[in-house]
Amino acid sequence: MTAQPLYFDCDTGIDDSMALAYLLASPEIELVGVGTVSGNVDSAQAARNTLALIQLAGRDDIPVAVGAADPQAGTYNGAVPHIHGHNGIGDITVPDSTRPAVPRHAADLIIHLARVHQGKLRLLTTGPLTNIAEALRREPELPSLVKDITIMGGAAHQSGNVSPVTEANIGNDPEAAAEVLAAPWDITLVPLDVTLAHTLEEADRQLLLDSGRPLPTALGEMLDLYFEFHRDTYGRRCCALHDPLAAAIAVGGVVPTLAPVVDVVVDDTRGPGRGQTICDLRGQFRDYPPQPGAHCRVVLETGPDTAAHLVRRLLTL
């Protein structure tokens with residue numbers, strides 16, 4: 001099996017950390033670069049977290065680039081310490097990396113990797129789409145240079161998590177998301193509809209804590225805060241698997257069982273629907289007939305064993 005080159009764009013909070021660890025443990029892909037963007041934390045802190053976690057996994061060969069500090073319109077309005085901690089990784093202490101971020105913008109790293117791995121590079125995003133939109137502006141041919149892009153974001157039938165209709169990654173930069181969703185490439189959208197349906201439970205967290213391995217143990221420790229945040233959502237200590245599920249789908253470790261290819265647009269107006277992903281699912285009672293020009297696969301269902309698959313793979317680190 002030939003490992004496929006994959007670039008990961010993230011705002012390294014707790015579930016991004018799980019996704020990063022999953023990618024590091026996945027033989028199906030070669031993680032060839034990581035870029036950071038402001039979301040759960042600012043892009044500089046996200047890079048510090050990413051470098052530290054990669055070092056904790058015993059790796060020093062993956063370039064990490066700091067990306068956009070602010071969204072396409074406006075300025076970054078701050079982190080979410082009640083969800084991810086003040087440092088983005090649950091306020092646990094992880095040794096800083098001895099390796100700095102590479103001296104180029106994440107958008108330029110994307111373009112560079114797309115040219116090196118022309119037609120083969122896969123993109124995975126678990127944060128706002130600011131860096132991807134910037135890369136599209138700097139290299140309009142980018143969609144023809146990459147194989148596909150998987151995006152954790154949006155909500156199809158499901159309500160939003162930062163407004164009644166808006167999911168956080170899309171809502172933090174609707175203008176960028178609108179550009180990326182409109183670009184002519186194959187997109188897999190992993191929305192709240194499916195990520196909220198998959199949870200990690202306390203028994204799973206305990207397996208990570210008991211592993212005796214640095215990175216899985218750190219993940220188990222940082223999940224303590226994340227579990228508390230989700231108590232209001234699920235009525236118990238656990239967490240949704242937003243970013244890890246997107247990573248598993250991108251890698252092929254989890255296969256969607258319902259994922260129609262439909263038109264998707266993003267509301268980037270200033271009205272109450274700002275940031276909404278409007279997915280044309282009107283064909284749901286006719287087995288989703290083809291929509292001419294549609295290029296976005298919206299994942300609505302997957303198999304039930306995501307948490308077990310995730311933990312098994314993380315314990316190999």
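Mentor: Before we place any residue, note that a helix here is a DSSP run of H or I with at least four residues, and that helices are numbered from the N terminus. The model itself is predicted.

Trainee: Where does Asp 91 lie, then?

Mentor: Asp 91 sits in the loop between α3, residues 81-84, and α4.

Trainee: Why is Asp 91 called partly exposed?

Mentor: The relative accessibility of Asp 91 is 41%; since buried means under 20% and exposed means over 50%, a value in between is called partly exposed.

Trainee: What makes the backbone of Asp 91 worth a remark?

Mentor: Its phi is near 65°, which is a positive value in a residue other than glycine. Tyr 288 also has a positive phi, of about 50°, although it is not a glycine, and Tyr 288 is found in the loop between β12 (277-279) and β13 (296-298).

Trainee: Is Tyr 288 buried or exposed?

Mentor: Tyr 288 has 17% relative accessibility and therefore counts as buried, because the limit for that word is under 20%.

Trainee: Why does Ser 38 count as buried, and what does its side chain reach?

Mentor: Ser 38, in the loop between β2 and α2 (43-56), has a relative accessibility of 8% and so counts as buried. Its side chain reaches the backbone nitrogen of Ser 43 at 3.0 Å, and this is a polar contact because the cut-off for such a pair is within 3.5 Å. Once neighbours within four places in sequence are left aside, the contacts of Ser 38 include Asp 11, Ala 68, Tyr 76 and Pro 128.

Trainee: Which residues of α4 are buried, and what covers them?

Mentor: In α4, residues 106-116, the buried ones are Ala 106, Ala 107, Leu 109, Ile 110, Ile 111, Leu 113 and Ala 114. Their cover includes the strands β1 (4-10), β2 (29-36), β3 (64-66) and β4 (122-125), together with the helices α5 (130-138) and α6 (142-145).

Trainee: How many helices and strands does the chain have, and how do you know that it is as compact as a globular protein of that length?

Mentor: The chain has 14 helices and 14 strands. Its radius of gyration is 18 Å, close to the 20 Å that the globule rule gives for 317 residues, so the chain is as compact as a globular protein of that length. Buried residues make up 58% of the 317 residues, and, among contacts with a separation of 6 or more, 81% come from residues 24 or more positions apart.

Notes. Residues are numbered from 1 along each chain as its sequence is written. This is a predicted model: local features need pLDDT of at least 70, side-chain atom pairs count only at pLDDT 80 or more; totals for chains, interfaces and linings use all residues. Side-chain values use heavy atoms; hydrogens and water are left out. Buried means under 20% relative accessible area, exposed over 50%, partly exposed in between (1.4 Å probe, protein chains only). Helices (H or I, at least four residues) and strands (E, at least two) are DSSP runs, numbered from the N terminus. Contact means heavy atoms within 4.5 Å. The radius of gyration is taken over C-alpha atoms; the globule rule is 2.2 Å times the number of residues to the power 0.38. A polar contact is a pair of N or O atoms within 3.5 Å; within protein, one must be able to donate a hydrogen and the other to accept it, and residues adjacent in sequence count only if both atoms are side-chain atoms.
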